[in-house]
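Visitor: I have the model loaded and would like to go through it with you. Where shall we start?

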Amino acid sequence: MKKRVLNPERLRKVPPQFSWIDHRLVQENYFLRCDHPAWALYLFLTSVADAEGLSYYSDASLVRRLKMDPRVLASSRQQLIQAGLIAFEKPLCQVLSL
């Protein structure tokens, strides 16, 4: 698999508080923008992403690992895209900086 950064302007960096999960998710009310399954997907993606925020897990693998219905996965991914948290071009997903 040849990986490429989908959104170089939003390359993920370690936040100042030194945590891969940025505190601004809470401070700026991002948690109100998505449903619980979307946050499960986001947590998984932040856990498996490389240093550039990239991962390429297939939908089948995500459905199996997250025990999530394929329609819920698609909806969750779309919520994260609309919230500006990830970029997605099959098969690549990029966790974006806030």
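Visitor: Let's take the strands, then: which residue is the bridge partner of Ser 55 in E3?

Guide: The bridge partner of Ser 55 in E3 is Cys 93. Before we go on, please keep in mind that this is a predicted model, in which local features need pLDDT of at least 70 and side-chain atom pairs count only at pLDDT 80 or more, while totals for chains, interfaces and linings use all residues. Residues are numbered from 1 along each chain as its sequence is written, and side-chain values use heavy atoms, with hydrogens and water left out.

Visitor: How many bridges join E1 to E3?

Guide: Two bridges join strand E1, residues 54-55, to E3, and these strands run antiparallel; two strands are said to pair if DSSP finds at least two bridges between them. Strand E2, residues 86-89, is also antiparallel to E3 and is joined to E3 by four bridges, with Ala 87 standing opposite Gln 94.

Visitor: What is the radius of gyration?

Guide: The protein chain has 13 Å, which agrees with the value near 13 Å that a compact globule of 98 residues would have; the radius is taken over C-alpha atoms, and the globule rule is 2.2 Å times the number of residues to the power 0.38. The C-alpha trace spans about 35 × 35 × 20 Å along its principal axes, and 39% of the 98 residues count as buried.

Visitor: Switching to aromatics, how many aromatic pairs does the count come to?

Guide: The count comes to three aromatic pairs, taking rings of Phe, Tyr and Trp (its six-membered ring) as paired if their centres lie within 6.5 Å, with planes under 30 degrees apart called stacked, over 60 edge-to-face and the rest tilted. One of them is edge-to-face, because the rings of Trp 39 and Tyr 42 have their centres 5.5 Å apart and their planes at 80 degrees. Trp 39 and Tyr 42 are three residues apart in helix H2, residues 36-48, so about one helical turn separates them. Trp 39 counts as buried at 12% relative accessibility, as does Tyr 42 at 4%.

Visitor: What about Phe 44 and Tyr 57?

Guide: The rings of Phe 44 and Tyr 57 have centres 5.1 Å apart and planes at 80 degrees, so this pair is edge-to-face. The pair links distant parts of the chain, since Phe 44 is in helix H2 and Tyr 57, 13 residues apart from it, is in the loop between E1 and helix H3 (59-66). Phe 44 is buried, with a relative accessible area of 15%, whereas Tyr 57 is partly exposed at 29%.

Visitor: Which residues do ring pairs link into a cluster?

Guide: Phe 31, Trp 39 and Tyr 42 are linked into a cluster by ring pairs.

Visitor: Back to cysteines: how many disulfides does a search of the whole structure find?

Guide: The search finds zero disulfides, a disulfide being a pair of cysteine sulfur atoms within 2.5 Å. For Cys 34, the closest cysteine sulfur is that of Cys 93 at 12 Å, which is too far for a bond. Cys 34 is buried, with a relative accessible area of 8%, and Cys 93 counts as buried at 7%.

Visitor: Last one: where does Ser 97 lie?

Guide: Ser 97 lies in the segment after E3 and is buried, with a relative accessible area of 18%. Leaving aside neighbours within four places in sequence, Ser 97 is in contact with Arg 10, Leu 11 and Arg 12, where contact means heavy atoms within 4.5 Å.

Definitions and conventions: Buried means under 20% relative accessible area, exposed over 50%, partly exposed in between (1.4 Å probe, protein chains only).
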